[in-house]
Amino acid sequence: MSTLSSRVRSAVIVLLAAVAVIVGAAHRGTPEAAQAGEAAATDVKAGARLLPDVPTSATAPVPEVNSAGTRSLTGREGNTVALTFDDGPHPDYTPAVLDILREYDVVATFCLVGPNAKQWPDLVRDIVADGHVLCNHTVNHDVHLPGRDRGRIDDELGGALDAILAAVPEATVPFYRAPGGNFAENVNDVARSLGHTPLGWSIDPGDWKQPGASRIRDDVITSMHPGAVVLFHDGGGDRSGTVAALPAIIEALRDAGYEFVVPAA
């Protein structure tokens, strides 16, 4: 009897060991499956992470209007913020941005590059039809424009304006934005002669460097202040990160009591 019991115990131990091996193998799976599981867990944690607090009384890092006449704040009372989008329109990213702005009933300013406005006039019309505001961002996005002669400056701003108005003849273009943010008095004078207010910004999350949606979102939220003008891009490269970050940014700012506006011209 004792011999039989020993054999039974041995059999049970072997069986349990085999089960443990099978279960362990099933849990471990392939290295690829393990990596996928870890990545999914990381994604879940990232998605569940609390957003940073939105400042509501911070001081703006730039003057409302500088000595060259460039406006960098909204010029509106209260906790206001203006969203601006450069280098478009683009057939992939501009419609996606417009869909989000429409969903949240947010108005924005689009700084258009001449050739893109000429190539995709329907997108220019969509921007205007949705109630957004237009901005001249020159023809060739020449960051050295202040050092060019007057004729070249006239061509850069005048050519972009012509391309925009060819798409939307009845629209107004109240703003000019300097390529690379290189505003200068000589170019601003030409912009004003065309009816544009030079429009800078006070928050730049660096979305043009493609840092990822979460970084774009957090940079905007933590840098927020009343009167902020935020620089985004809907053209000039892969702007999927900007599109992905936009809903969370809008929701966080609105929850904090910010009003989305167009800057004063």
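**Helix packing and strand pairing in a predicted model**

In α8, residues A213, I216, R217, V220 and I221 meet G241, T242, A244, A245, A248, I249 and A252 of α9. By class, this contact between α8 and α9 holds nine nonpolar, two polar and one charged residues. The structure is a predicted model. Helix α9 also packs with helix α3, their axes coming within 10 Å.

**Helix α8 with helix α9**

- Helix α8 spans residues 213-223, and its axis lies 8 Å from that of α9.
- The two helices, α8 and α9, pack at an angle of about 35°.
- The crossing of α8 past α9 is right-handed.

**Helix α3 with helix α9**

- Helix α3 covers residues 93-104 and helix α9 covers residues 240-255; their axes cross at roughly 15°.
- Because angles under 35 degrees count as roughly parallel, α3 is roughly parallel to α9.
- The crossing of α3 and α9 is right-handed.
- On the α3 side, the contact involves Y93, A96, V97, I100, L101 and Y104.
- On the α9 side, the partners are S240, V243, L246, P247, I250, E251 and R254.
- The residues of the α3 contact with α9 comprise 10 nonpolar, one polar and two charged.

**Strands β2, β3 and β4**

- Strand β2 (residues 108-112) runs parallel to β3, and four bridges join the two.
- Strand β3 (residues 133-136) also pairs with strand β4 (residues 175-176), in the parallel sense and over two bridges.
- N136 of β3 stands opposite L112, and the bridge partner of N136 in β4 is Y176.
- In a regular strand, side chains alternate between the two faces of the sheet.
- In β3, V133 and C135 point one way, while L134 and N136 point the other way.
- V133, L134, C135 and N136 are all buried.

**Residue T109**

- T109 is found in strand β2.
- T109 has a relative accessibility of 1% and therefore counts as buried, the cut-off being under 20%.
- Apart from neighbours within four places in sequence, T109 is in contact with L83, T84, F85, V133, C135, F175, L199, V262 and P263.

Conventions: Residues are numbered from 1 along each chain as its sequence is written. This is a predicted model: local features need pLDDT of at least 70, side-chain atom pairs count only at pLDDT 80 or more; totals for chains, interfaces and linings use all residues. Side-chain values use heavy atoms; hydrogens and water are left out. Axes are lines fitted to C-alpha atoms, for helices over the stretch in contact, and angles run from 0 to 180 degrees between N-to-C directions. Angles under 35 degrees count as roughly parallel, over 145 as roughly antiparallel, 65 to 115 as roughly perpendicular and the rest as oblique. A crossing is left-handed if the near helix is turned anticlockwise from the far one by less than a right angle, and right-handed if clockwise. Contact means heavy atoms within 4.5 Å. Ala, Val, Leu, Ile, Met, Phe, Trp, Tyr, Cys and Pro count as nonpolar, Asp, Glu, Lys and Arg as charged, and the others, Gly among them, as polar. Buried means under 20% relative accessible area, exposed over 50%, partly exposed in between (1.4 Å probe, protein chains only). Two strands pair if DSSP finds at least two bridges between them.
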